[in-house]
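Here's a quick briefing for anyone meeting this structure for the first time. Have a look at the fold, then read on for the salt bridges.

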Amino acid sequence: MTKKYESLEMKYRDLRDVAVREAERNFDRLKKQGEERAQTANQLIANLKSEVTAQKELAKEGASFKKQFEASEAKIDNLQARITELTTALSESKNEMKTLSAKLSAARATEAANAKVPGSAMKNGTGGSRAAASSETVHSTQLAQLKEDLYGDLTGLIVRGVKRDGPEDTFDCIQTGRGRTLHFKLAIANENSSEGYDDAQFMYMPQLDPKRDEDLIEMLPDYLVEEISFPRLHAAKFYSRVQKALTERLD
């Protein structure tokens with residue numbers, strides 16, 4: 001009986017040991033799985049936090065870009081209003097110049113037609129020739145004005161006046177293009193100068209106002225903001241650069 005009991009007790013112990021070891025293995029396996037899941041969850045949480053931070057930064061950048069865009073739109077509106085204002089003023093000035101030119105031509109023609117010829121000149125037979133010469137002068141003046149108007153329409157260059165000062169002529173000019181207006185003067189030696197025709201130097205003198213032409217000064221190249229001189233042979237090249245500066249689009 002005692003042997004049988006001992007045998008049963010030994011089997012019980014073996015079964016208990018097996019159960020304990022199996023429970024320990026299950027515990028270790030579950031513990032490992034729990035740790036892996038916790039690690040995965042922590043990694044996921046870290047990724048989500050990083051993504052949230054990135055989204056916040058993008059939101060800040062978006063708000064900054066929105067402010068910049070709104071500021072740019074406001075500046076564009078101001079520039080467009082300035083362009084419209086300058087274009088209107090230029091159109092009015094050109095119309096006024098054409099009107100004044102037409103009135104001047106008409107006045108000269110009337111004056112020439114109503115001019116009285118002295119009796120002595122009539123007796124000498126010179127009255128008719130003087131009247132013809134006066135009429136021809138008026139006609140030449142009108143043709144010159146028409147040529148100047150056509151040149152201004154084609155190129156946008158308006159010559160407001162010419163001043164002769166000894167051996168030098170100074171041209172008062174306005175160049176227009178794409179809503180922009182550049183006022184400048186060009187001085188060049190005339191036939192009274194000792195300089196040769198090809199050796200003569202142009203002197204470019206911009207007539208810019210820091211307040212009125214602030215935007216224009218910013219977009220013009222440096223050589224059009226300051227006084228410069230260049231030989232007559234480079235006049236066409238200089239003018240092409242002036243046109244390019246006033247007609248090219250702003251980025």
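Accessible areas here come from the Shrake-Rupley method with a 1.4 Å probe. By that method, the protein chain has an accessible surface of about 19,200 Å², and carbon and sulfur atoms hold 55% of that surface. Keep in mind that this is a predicted model.

**The overall layout**

- The protein chain is built from five helices and five strands.
- Reading from the N terminus, the elements go α-α-α-β-β-β-β-α-β-α.
- Of the 251 residues in the protein chain, 18% are buried.
- Take the contacts with a separation of 6 or more: 46% of them in the protein chain link residues 24 or more positions apart.

- How many salt bridges does a search of the whole structure find? The search turns up five.
- Asp172 is buried, since its relative accessible area is 17% and the cut-off for buried is under 20%.
- Arg160 is partly exposed, at a relative accessible area of 48%.

**Arg164 and Glu191**

- Arg164 also takes part in a salt bridge, with Glu191 as its partner; their closest N and O atoms are 2.7 Å apart.
- What does this pair tie together? Arg164 belongs to strand 1, while Glu191 lies in the loop between strand 3 (180–189) and strand 4 (201–206), so the pair links parts that are 27 residues apart in sequence.
- Arg164 is partly exposed, with 45% relative accessible area.
- Glu191 counts as exposed because its relative accessibility is 58%, and exposed means over 50%.

- Is Asp213 buried or exposed? Asp213 is buried, with a relative accessible area of 9%.

Definitions and conventions
Residues numbered from 1 in each chain as written. Predicted model: local features only at pLDDT ≥ 70, side-chain atom pairs only at ≥ 80, totals over all residues. Heavy atoms only, no water. Salt bridge = Lys/Arg side-chain N within 4 Å of Asp/Glu carboxyl O. Buried < 20%, exposed > 50% of the residue type's maximum accessible area, 1.4 Å probe, protein only. Helix = DSSP H or I, 4+ residues; strand = E, 2+ residues; numbered from the N terminus. Contact = heavy atoms within 4.5 Å.
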